[in-house]
Amino acid sequence: PHVMQQIIYLSLDHGMSPVSPIGFVHLGSYMAKLGDISGGYHYVKLANSLLDKVGSRESAGEVIFIGTHVRAYVEPLQATLQYHDEGYAAAMASGDIM
């Protein structure tokens, strides 16, 4: 959790970077594991919107892969599976092996 907190603190202090979505999606996953699924889902959605805004697709596979675990509790399974496939394609395109 310390690295995740540092990413978020630095993002809030100095602005969003291509690494920022990773910190927010890990925070969302951590919150969901502690029982706050709706709060975790909020941070997963934030991480997804940051992916588009900061323009970095290198971390898209990781963000989508981790976000899928939280989204499975909130969204219909078909939508989650489609999202998972999108994350797999993004990871393979950037050379990220999950």
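pLDDT is the predictor's confidence in each residue, on a scale from 0 to 100. The structure discussed here is a predicted model. Its protein chain has a mean pLDDT of 90, and 98% of the residues reach 70 or more.

**Core and helix H3**

The largest nonpolar core contains 19 residues. Those with the most contacts inside this core are Ile8, Phe24, Val25, Ala47, Leu51, Val63 and Val70. Helix H1 (2–14), H2, H3, H4 and H5 each contribute at least two residues to the core.

Helix H3 covers residues 37–54, which makes 18 residues. At 1.5 Å a residue the helix should span 26 Å, and the end C-alpha atoms are 25 Å apart, so the two values agree. The buried residues of H3 are Gly39, Gly40, Tyr41, Val44, Ala47, Asn48, Leu50 and Leu51. The cover over these buried residues includes helix H2 (20–33), H4 and H5. Of the buried residues in H3, Ala47 and Leu51 are also listed with the most contacts inside the largest core.

**The aromatic pair**

A search of the whole structure finds one aromatic pair. The partners are Phe24 and Tyr43, and their rings are stacked, with 6.3 Å from centre to centre and 5 degrees between the planes. Phe24 belongs to helix H2 and Tyr43 to helix H3, so the pair ties together parts that lie 19 residues apart in sequence. Phe24 is buried, because its relative accessible area of 4% is under 20%. Tyr43, at 25% relative accessibility, counts as partly exposed.

**Around Glu75**

Glu75 sits in the loop between helix H4 (60–74) and helix H5 (77–94). With a relative accessibility of 17%, Glu75 counts as buried. Its side chain makes a polar contact of 2.5 Å with the side chain of Tyr41. Tyr41 is itself one of the buried residues of H3. Not counting residues up to four places away in sequence, Glu75 touches Tyr41 and Thr80.

Thr80 is in helix H5 and is buried at 3% relative accessibility. Beyond four places in sequence, Thr80 touches Thr68, Arg71, Ala72 and Glu75.

**Other positions and separations**

Leu34 is in the loop between H2 and H3. Its relative accessible area is 63%, so Leu34 is exposed. Phe65 is in helix H4 and, at 33% relative accessibility, counts as partly exposed.

| Residue pair | Separation in sequence | C-alpha to C-alpha distance |
|---|---|---|
| Leu34 and Val70 | 36 residues | 12 Å |
| Glu75 and Tyr41 | 34 residues | 9.8 Å |
| Phe65 and Val25 | 40 residues | 9.6 Å |

Two of the partners in the table, Val70 and Val25, are listed with the most contacts inside the largest nonpolar core. For Glu75 and Tyr41, the C-alpha atoms are separated by 9.8 Å, while the polar contact between their side chains is 2.5 Å.

Terms used: Residues numbered from 1 in each chain as written. Predicted model: local features only at pLDDT ≥ 70, side-chain atom pairs only at ≥ 80, totals over all residues. Heavy atoms only, no water. Helix = DSSP H or I, 4+ residues; strand = E, 2+ residues; numbered from the N terminus. Buried < 20%, exposed > 50% of the residue type's maximum accessible area, 1.4 Å probe, protein only. Polar contact = N/O pair within 3.5 Å; in protein donor to acceptor, adjacent residues only side chain to side chain. Contact = heavy atoms within 4.5 Å. Expected span 1.5 Å × (residues − 1). Core = buried A, V, L, I, M, F, W, Y, C linked by side-chain atoms within 4.5 Å. Phe/Tyr/Trp six-rings, centres within 6.5 Å; stacked < 30°, edge-to-face > 60°.
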